[in-house]
Every structure is written in structure tokens, then in C-alpha cells.
Amino acid sequence: MDELRRELCEHGRRAAALGLVIGTSGNLSARDGDLVAVTPSGVALDRLRPEDCPIVDLDGRVVEGDRKPSSETAMHLALYASTGAGAVVHTHSVFATVVASTMAELPPIHYNALLLGGAVRVAPYATYGTPELAENVRRALEGRQAALMASHGGVTIGATLEQAFEATRLLEWLCEVYVRALGVGAPAVLTEEQLVAVIERAFSG
Ligand SMILES: [Zn+2]
């Protein structure tokens, strides 16, 4: 778990350096068996120390650490319970939040959207930290690596923290491309047939 705590700090600093999070917004977690290391509530991610990150069990009880777990810990735990994920990253990054505040989904206008599972759904709004929000996000993530959260931000999952983090960077990139494309004209959305052709090509070696 100490290694996971160090990874949380490293990726917290990267998220802040890349402008994906500001101040204390955003939270990350990583799972090992029945335990989850999570970023704490109220500490800026670029100032995080490993010992700041509480370790909780899958019911959210703190088993190690003095700080309060992130207010979105219930959402992280709901995602561990419903997916095989090893890590969860949640941010209020700018373009993800713009799309999440204006659209019902992020349509696939670039084939790299397939790396997240295709069109990215927007989970209906609910107050942060509530079981209702956790459930909305769980449903939006079915069959996907990423979801947007209405009027809130984005969330990604991965087998490792590195994978979940890269999914967050890709989600932000796709949202930025979409928003900028809308400013130029009407972006073409890839058809089912075009997406299938990409998948076939990727698997044909
Ligand atoms: Zn949030």
C-alpha cells in the first residue's frame, strides 16, 4: 500500500502540473485486494505526501492514516465493486467539464474514443459525495473506461493508476477537440461501421 500511496502523490502532482486539477479539486485512488489508497479531503494534489493518503477498506472504513478520505470515496468504492478496476481518477478538468455541462454524451469524432469504449456518456447530475451520484456514474461507466458527470467533471478507470491517469488525459483531449471542432463547424461523428473497421484493423496486427 505504501507503493500505491507514492503513486497517488506522483500522479496527483502530474495532474496539477498538466492543469487537470486546481487546488483541492479532483481525487485519485488505487486498489490492492481488499484495500484502497485514496487521496485525502482538503489537501491540494500537488502538495500531497504519501502519509496524507488514507487507506480504506471496501466499505469505506479508514484502516490507516489520520486524514479524512476524499468526499468522493463512495463513488470510487462503488466503481471498484462494479468493475474490475485497479484505479480511479476523477477531475474537474476544463474541457471535460464544459462537455459534461452542455451535452448528453461525448460523440466519437476521433477513432481514439474507442480507447475509452466509444461515445462517453454523461452521468445525470447529483450532489457530490452522495450515493445517488455514485450510482449514476456507475451506470454511465458500464462497458467504458470513462464517464462524464453532468455539471461536475470526468472520471476514468484503469487496471493501474497509470492507465486510469492516461484515460483521464485522453478524455480531456477528446473533449477539447470536440469543443474546438464545434467552434469551427459541425464535427462529423464516426459511424458504427467506421468504428468497427478501426477495431478490426487494430486486431488484425
Ligand atoms: Zn468532483
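What spacing do the donors of the zinc ion follow along the chain? They follow H-x1-H-x59-H, where donors are N, O and S atoms within 2.8 Å of the metal (3.2 Å for Na, K and Ca), and sites may look incomplete because water is not among the atoms.

Before I continue, a note on the source. This is a predicted model, in which local features need pLDDT of at least 70, side-chain atom pairs count only at pLDDT 80 or more, and totals for chains, interfaces and linings use all residues. Residues are numbered from 1 along each chain as its sequence is written, and side-chain values use heavy atoms, leaving out hydrogens and water.

The protein donors are His-90, His-92 and His-152, each through NE2, lying 2.1 Å from the zinc ion. His-90 belongs to strand β5 (residues 87-91), while His-152 sits in the loop between β8 (146-149) and β9 (153-158), so this pair ties together parts 62 residues apart in sequence. Strands here are DSSP runs (E, at least two residues), numbered from the N terminus. Both His-90 and His-152 are buried, meaning under 20% relative accessible area with a 1.4 Å probe, protein chains only.

Let us turn to the cysteines. A disulfide is a covalent bond between the sulfur atoms of two cysteines. The criterion is a pair of cysteine sulfur atoms within 2.5 Å, and by this rule the count is zero.

Note on methods. Helices (H or I, at least four residues) and strands (E, at least two) are DSSP runs, numbered from the N terminus. Buried means under 20% relative accessible area, exposed over 50%, partly exposed in between (1.4 Å probe, protein chains only).
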